[in-house]
Amino acid sequence: MNILITGANGFIGKALTTHLLQGHTITIVERHTPNTQLKVNTYDCLIHLAGRAHIVRETATNVYQAFKEANVDYTLKVAQLAQQLQIN
(Lines give C-alpha, C1' and ligand atoms only; values in the text may rest on other atoms or scores of the structure.)
Protein backbone atom coordinates (compact mmCIF):
# COMPACT_ATOMS: atom_id res chain seq x y z
CA MET A 1 0.00 0.00 0.00
CA ASN A 2 1.26 3.50 -0.83
CA ILE A 3 0.54 5.77 2.16
CA LEU A 4 0.85 9.55 2.54
CA ILE A 5 1.42 10.68 6.15
CA THR A 6 1.40 14.07 7.86
CA GLY A 7 2.82 14.42 11.35
CA ALA A 8 5.34 11.60 10.89
CA ASN A 9 7.80 13.32 13.21
CA GLY A 10 5.39 13.51 16.14
CA PHE A 11 5.02 11.04 18.99
CA ILE A 12 2.39 8.85 17.32
CA GLY A 13 3.63 9.54 13.79
CA LYS A 14 7.13 8.20 14.47
CA ALA A 15 5.83 4.94 15.90
CA LEU A 16 3.22 4.46 13.18
CA THR A 17 5.63 5.30 10.35
CA THR A 18 8.23 2.86 11.72
CA HIS A 19 5.58 0.14 11.85
CA LEU A 20 4.14 0.91 8.39
CA LEU A 21 7.57 0.92 6.73
CA GLN A 22 7.48 -2.85 7.17
CA GLY A 23 5.53 -3.72 4.04
CA HIS A 24 4.27 -0.34 2.80
CA THR A 25 5.59 2.59 0.81
CA ILE A 26 5.46 5.76 2.91
CA THR A 27 5.57 9.36 1.72
CA ILE A 28 5.91 11.96 4.46
CA VAL A 29 4.25 15.33 3.93
CA GLU A 30 5.51 18.29 5.92
CA ARG A 31 3.85 21.70 6.09
CA HIS A 32 6.18 23.10 3.47
CA THR A 33 6.21 20.14 1.06
CA PRO A 34 5.39 21.51 -2.41
CA ASN A 35 2.30 19.86 -3.89
CA THR A 36 4.22 19.53 -7.16
CA GLN A 37 6.28 16.74 -5.57
CA LEU A 38 3.12 14.66 -5.05
CA LYS A 39 1.48 12.76 -7.89
CA VAL A 40 -2.24 12.29 -8.54
CA ASN A 41 -3.63 8.72 -8.24
CA THR A 42 -0.45 7.45 -6.54
CA TYR A 43 -1.58 7.04 -2.93
CA ASP A 44 -3.96 4.48 -1.46
CA CYS A 45 -4.62 6.48 1.69
CA LEU A 46 -3.65 9.55 3.67
CA ILE A 47 -3.05 9.48 7.42
CA HIS A 48 -3.22 12.95 8.96
CA LEU A 49 -1.48 13.14 12.33
CA ALA A 50 0.00 16.65 12.15
CA GLY A 51 -1.19 19.13 14.69
CA ARG A 52 -0.34 21.18 17.68
CA ALA A 53 -1.07 19.42 20.97
CA HIS A 54 0.58 21.52 23.67
CA ILE A 55 2.60 24.64 24.27
CA VAL A 56 6.37 24.22 24.11
CA ARG A 57 8.61 27.29 24.17
CA GLU A 58 5.74 29.39 22.83
CA THR A 59 6.71 32.30 20.60
CA ALA A 60 3.32 33.08 19.05
CA THR A 61 1.70 36.31 20.18
CA ASN A 62 -1.76 34.76 19.86
CA VAL A 63 -1.57 31.17 21.08
CA TYR A 64 -5.20 30.37 20.18
CA GLN A 65 -4.69 31.60 16.62
CA ALA A 66 -1.53 29.50 16.34
CA PHE A 67 -3.45 26.40 17.48
CA LYS A 68 -6.26 27.16 15.02
CA GLU A 69 -3.81 27.53 12.15
CA ALA A 70 -2.03 24.28 13.00
CA ASN A 71 -5.08 22.18 13.82
CA VAL A 72 -8.01 23.58 11.84
CA ASP A 73 -6.58 25.46 8.88
CA TYR A 74 -3.89 22.87 8.14
CA THR A 75 -6.44 20.03 8.40
CA LEU A 76 -8.57 21.78 5.77
CA LYS A 77 -5.49 22.09 3.54
CA VAL A 78 -4.76 18.37 3.99
CA ALA A 79 -8.37 17.52 3.05
CA GLN A 80 -8.03 19.68 -0.07
CA LEU A 81 -4.74 17.96 -0.88
CA ALA A 82 -6.40 14.55 -0.59
CA GLN A 83 -9.09 15.71 -2.99
CA GLN A 84 -6.52 17.08 -5.47
CA LEU A 85 -4.52 13.85 -5.34
CA GLN A 86 -7.72 11.82 -5.69
CA ILE A 87 -7.15 9.82 -2.53
CA ASN A 88 -10.38 8.04 -1.61
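Student: How many positive and negative side chains does the protein have, and how far apart do the centres of the two sets lie?

Tutor: This is a predicted model. The protein carries 7 positive and 5 negative side chains. The centres of the two sets lie 3 Å apart.

Student: What makes Thr17 count as buried?

Tutor: Its relative accessibility is 8%. Buried means under 20%. Thr17 is below that cut-off, so Thr17 counts as buried. Thr17 sits in helix H1, residues 11–20.

Student: Which residues does Thr17 touch, leaving out those up to four places away in sequence?

Tutor: Thr17 touches Ile5, Ala8, Ile26 and Ile28. Contact here means heavy atoms within 4.5 Å. Ile5 stands opposite Ile28 in E2.

Student: Why is strand E1 called largely enclosed by the rest of the structure?

Tutor: Count its buried residues. Five of the five residues of E1, residues 2–6, are buried, so the strand is largely enclosed. Asn2, Leu4 and Thr6 point one way. Ile3 and Ile5 point the other way. Residues on both sides are buried.

Student: How do you know that E1 and E2 pair?

Tutor: Pairing needs at least two bridges. E1 and strand E2, residues 25–29, have five bridges, so they pair. The sense is parallel.

Student: What makes the set with Leu4 and Ile87 a nonpolar core?

Tutor: A nonpolar core is a set of buried residues of listed nonpolar types, joined through side-chain atoms within 4.5 Å. The largest such core here has 11 residues. Among them are Leu4, Val29, Leu38, Tyr43, Ala50 and Ile87. Helix H2, residues 63–84, gives the most to this core, with four residues. A second, separate core has five residues, including Ile3, Ala8, Leu20 and Ile26. In soluble globular proteins, nonpolar side chains tend to be buried together.

Student: Which residues is Ile87 in contact with, setting aside neighbours within four places in sequence?

Tutor: Ile87 contacts Leu4, Tyr43, Asp44, Cys45, Leu46 and Ala82. Leu4, Tyr43 and Ala82 are listed in the largest core, along with Ile87.

Student: What is the order of elements from the N terminus on?

Tutor: The order is β-α-β-β-α. That comes to two helices and three strands.

Student: What share of contacts with a separation of 6 or more joins residues 24 or more positions apart?

Tutor: The share is 61%.

Student: What share of the residues counts as buried?

Tutor: Of the 88 residues, 28% count as buried. The accessible surface is about 6300 Å². Carbon and sulfur atoms hold 54% of that surface.

Terms used:
Residues are numbered from 1 along each chain as its sequence is written. This is a predicted model: local features need pLDDT of at least 70, side-chain atom pairs count only at pLDDT 80 or more; totals for chains, interfaces and linings use all residues. Side-chain values use heavy atoms; hydrogens and water are left out. Buried means under 20% relative accessible area, exposed over 50%, partly exposed in between (1.4 Å probe, protein chains only). Accessible areas come from the Shrake-Rupley method with a 1.4 Å probe; for residues, only the protein chains shown count as cover. Lys and Arg count as positive and Asp and Glu as negative; His and the chain ends are not counted. The place of a charge is taken as NZ of Lys, CZ of Arg, CG of Asp or CD of Glu.
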